[in-house]
Amino acid sequence: MRTRTLPVVIAAVTSTAVLAACSGGTEAGSDSGQGGSKTLTVASVDQGSIEDVVKAFEKANPGVKVRYTTSGADQYQQQIRTQLSSGTAPDVMSVWPGNGNPAATYVLAEPGYLRDLSDRPWAAKLPDAMKSVAQYEGKTYNAVFGQNGIGAVYNEEALKKAGLTAPDTWKDLLAFCEAAKAKGTPAFALGNQDNWVTQLVQYALVATTVYGEDPDFDKKMQAGEATFAKSPWTTALDKYMTMEKTGCFQKNPLGTNYEASQQLAATGKTLGIVQGNWVIALLKQKNPKGTFTLKALPATDDPSKTLIPAAAGAGYAVNAKAKNEELALKFVDFVMSAKGMNTFVAKQGGLPSLPDTGFAADPSLAELSEFITSDRTVPFMDQLWPNPKVQQTMLSGLQEIFSGQSTPEKLLDEMDADYKSGS
């Protein structure tokens with residue numbers, strides 16, 4: 001499905017899911033009058049970028065205080081549904097587009113946990129590709145502020161030191177991994193201890209191996225005419241395992257979490273990391289003098305056929321039972337304003353979801369921008385799946401494959417069973 005692109009955005013960057021997630025957990029803000037008319041509560045996965053947006057929002061609204069918490073995707077997805085069902089959720093919360101995980105738009109809007117945002121001034125301006133994953137039954141519930149892509153993010157200084165260049169074919173990728181390993185600096189950091197990370201290499205490979213040959217694969221899946229187990233998903237998973245066997249990753253990916261993988265790539269202990277563009281801002285925090293560039297991860301020997309997964313990133317929704325609805329709506333409107341959107345995507349190394357914001361894309365995203373404008377992207381795979389079980393099975397299954405407890409064949413069969421179970 002190469003139609004889900006936003007060329008207009010470039011003229012103007014999952015899940016978890018795909019997936020703009022950050023490790024760790026923090027809480028900040030004033031506790032004066034929690035739930036009062038001047039205090040807003042926010043739960044976010046945008047650690048490293050929500051801070052500047054909160055500061056700008058408070059500055060634009062004198063007297064207002066924002067109490068916010070940040071946490072990683074795994075922890076967040078486990079907590080937010082429990083908080084919503086128990087009536088303890090914040091006024092505003094991170095929500096993923098589509099239907100791919102427990103904190104996705106469809107999953108939370110269907111039981112009535114989210115407030116309808118269709119009346120907000122920005123809702124009608126969302127491009128069609130964004131509307132389809134920000135809406136549920138024709139109503140908008142998600143303030144999707146950015147578009148993200150998944151690829152290989154290289155540490156340019158580390159590449160230069162190793163005397164290597166980023167590969168653009170599958171053959172060259174394996175040779176690149178072997179050369180990097182021989183120099184004692186693995187090609188890519190992989191933080192598979194956090195299970196949401198396991199999907200990113202797979203998605204990057206699936207984009208080309210599956211959708212490069214069959215742009216209508218999702219439609220065929222929905223019609224019952226295709227399966228994971230009898231499709232090039234098997235090819236992509238085999239290539240993922242080949243990368244592991246070739247030494248493309250550091251030792252013990254299962255013993256490395258997302259935070260630690262960032263440290264490896266940022267400091268040149270690896271030449272890069274396969275991640276979403278959101279990781280660039282985090283790498284720069286750890287190495288302010290570093291230069292990081294996102295490139296497509298090749299899966300074939302024909303560079304012209306390479307595709308990149310690119311889709312709406314996590315946005316913000318308003319709790320249907322928000323204690324401060326008026327302030328919550330002000331906040332999501334601010335997030336979707338040119339100032340809010342540009343602040344977010346500049347910190348995350350992403351691209352705004354709406355045109356005409358005056359945003360100048362970071363040079364690190366030149367190739368992602370080029371792929372989007374040339375219609376060479378596919379959506380994050382889980383955003384179009386019928387339920388979040390498919391993704392959860394995939395994430396745990398990939399960890400089990402890395403630990404030798406499962407096989408690719410078993411995983412794809414289990415994903416098919418979950419897919420067929422419906423919503």
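This is a predicted model: local features need pLDDT of at least 70, side-chain atom pairs count only at pLDDT 80 or more; totals for chains, interfaces and linings use all residues.
Which residues does W233 touch, not counting residues up to four places away in sequence?

Setting aside residues up to four places away in sequence, W233 touches Q202, Y203, V206, V210, F217, F228, M381, W385, M394, L412 and M415.

As a general point, nonpolar side chains tend to be buried together in soluble globular proteins.

## The disulfide

The count here is one disulfide. The bond joins C177 to C248, with S to S at 2.1 Å. C177 sits in helix α7 (residues 170-182), while C248 is in the loop between α10 (233-246) and α11 (258-266), so the link ties together parts that are 71 residues apart in sequence.

As for its geometry, the link of C177 and C248 is right-handed, with 105° about the S-S bond. Buried or exposed, what are C177 and C248? Both are buried.

## T270 in its loop

T270 is found in the loop between α11 and β9 (272-276). Its relative accessibility is 0%, so T270 counts as buried.

The side chain of T270 reaches the backbone oxygen of G272 at 2.9 Å. Beyond its neighbours within four places in sequence, T270 is in contact with A158, L264 and A265, plus T185, P186, A187, F188 and A189.

Notes:
Residues are numbered from 1 along each chain as its sequence is written. Side-chain values use heavy atoms; hydrogens and water are left out. A disulfide is a pair of cysteine sulfur atoms within 2.5 Å. Helices (H or I, at least four residues) and strands (E, at least two) are DSSP runs, numbered from the N terminus. Buried means under 20% relative accessible area, exposed over 50%, partly exposed in between (1.4 Å probe, protein chains only). Contact means heavy atoms within 4.5 Å. A polar contact is a pair of N or O atoms within 3.5 Å; within protein, one must be able to donate a hydrogen and the other to accept it, and residues adjacent in sequence count only if both atoms are side-chain atoms.
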